[in-house]
Amino acid sequence: MSDSEFDDVWGKMLRRAVDDGVGSTGRAVSGARLRQILVKVASDNQLTYPPERFSTSKFGDFLNYFVERGVVIFKERRGQDLLIAPADRPDLLVEASAASGVHVGGLRRDLFEAFTKVTNRTAWYHRDRDCVLWEDGPAQEVEVLVRIPPVTIEQALRDRADFAAGLGSVDQESELKKSLDGRDSRVLVSFSNAIRTLGLQPEWHRYRLKVITDRIAGWAKRENVPWNSSWMTPSSDGSMDEPVARGRRDAREWRRSLEYLIGGLDQADLSRIAVPLDIVVRILQQNK
């Protein structure tokens, strides 16, 4: 079986297995359950799972192969089985975790900032490096950079007002809407304070995660950007509960930015970079 035939045959069977698993519950399917369904689907087609080329591989490796081909997406969960959904239904990964009553995790920090940060700067997604870059002017390498739509204060306020309206509590809705009295970024902090006072952090986290995930999925589909399982994280670092401070970056984003910078330098440029001796010694000690 050629590579293209393998992708077609097994991709269709995997999609059918995922659809069957989702159709029986309306939720994302667990790794163990999907494997059972896929074994049956393959048998119905006179084939055997695992296929020969994945006979010594983990099920996750098989899934990753078809994640790269836009068939499925999955989410890792700390201490629990994987959750898998069709590539065009990332919302199921959020809904399944929320319905089970467990921690629903979060979004990777760079993407979270790009789709929530109210700023005049422009965010771009780098297809090859799978990271977000921030530019004040026209971006270079336009063939691999995809513009992320800017977030307006009106959109941010609308998301919060919609959450308040859906609580089903007149008192809670009233308190939250009082905190949104304004039209600048300061009201976002006021809203976060009200959320903490009312003890609504888990509800707001789940709601916001689904709204942003749906927004990212829509953008990815329009721009033909394959969904990447790394975009959703098994745990949240708390960034989804607070507006992100301007200019603030975590270590992962700094690392990605440095990798992007170094990748654009030639050998002559690299030879001019001087690294302090104490940093070199510390790195050598860490790698012993």
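What is the volume of the largest cavity? In this predicted model, the largest cavity has a volume of about 110 Å³, a cavity being a set of points, on a 1 Å grid over the protein atoms alone, where a 1.4 Å probe fits but cannot get out, and a volume being the space filled by probe spheres set on the points, which are joined across faces, edges and corners. The model is predicted, and local features need pLDDT of at least 70, side-chain atom pairs count only at pLDDT 80 or more, and totals for chains, interfaces and linings use all residues. Residues are numbered from 1 along each chain as its sequence is written, and side-chain values use heavy atoms, with hydrogens and water left out.

The structure holds 2 cavities of 30 Å³ or more. Around the largest cavity there are 13 lining residues, and T116, D159, R160, R208 and R215 lie nearest its centre; a lining residue has an atom within 4 Å of a point. The elements that give two or more residues to this lining are α6 (153-165) and α9 (201-223), where helices (H or I, at least four residues) and strands (E, at least two) are DSSP runs numbered from the N terminus. Of these elements, α9 gives the most, with 6 residues. By class, the lining of the largest cavity divides into 7 nonpolar, 2 polar and 4 charged residues, with Ala, Val, Leu, Ile, Met, Phe, Trp, Tyr, Cys and Pro counted as nonpolar, Asp, Glu, Lys and Arg as charged, and the others, Gly among them, as polar.

The second largest cavity has a volume of about 50 Å³, and its lining includes K117, W134, I148, P149 and P150. This lining has 7 nonpolar, 1 polar and 2 charged residues. Two of its members, K117 and W134, also meet directly, in that K117 lies over the face of W134 at 5.2 Å from the ring centre; a charge sits over a ring if NZ of Lys or CZ of Arg is within 6 Å of the ring centre and within 35 degrees of the ring normal.

F6 and Y65 form an edge-to-face pair, 5.8 Å centre to centre and with 75° between the planes. Because F6 lies in helix α1 (residues 3-25) and Y65 in helix α3 (residues 59-67), this pair ties together parts that are 59 residues apart in sequence. F6, at 3% relative accessibility, counts as buried, as does Y65 at 15%, buried meaning under 20% relative accessible area, exposed over 50% and partly exposed in between (1.4 Å probe, protein chains only).

The ring of Y65 also pairs with that of F54, and since their centres are 5.5 Å apart and their planes at 70°, this pair is edge-to-face. F54 lies in the loop between α2 (31-44) and α3, so the pair ties together parts that are 11 residues apart in sequence. At 9% relative accessibility, F54 counts as buried. F6, F54 and Y65 are among the members of one aromatic cluster, which also includes W10 and Y49. Over the ring of Y65 sits the charged end of R69, 3.5 Å from the ring centre.

Note on methods: 1 Å grid on protein atoms, 1.4 Å probe; cavity = no way out; pocket = protein on both sides within 12 Å on 5 of 7 lines; lining within 4 Å. Phe/Tyr/Trp six-rings, centres within 6.5 Å; stacked < 30°, edge-to-face > 60°.
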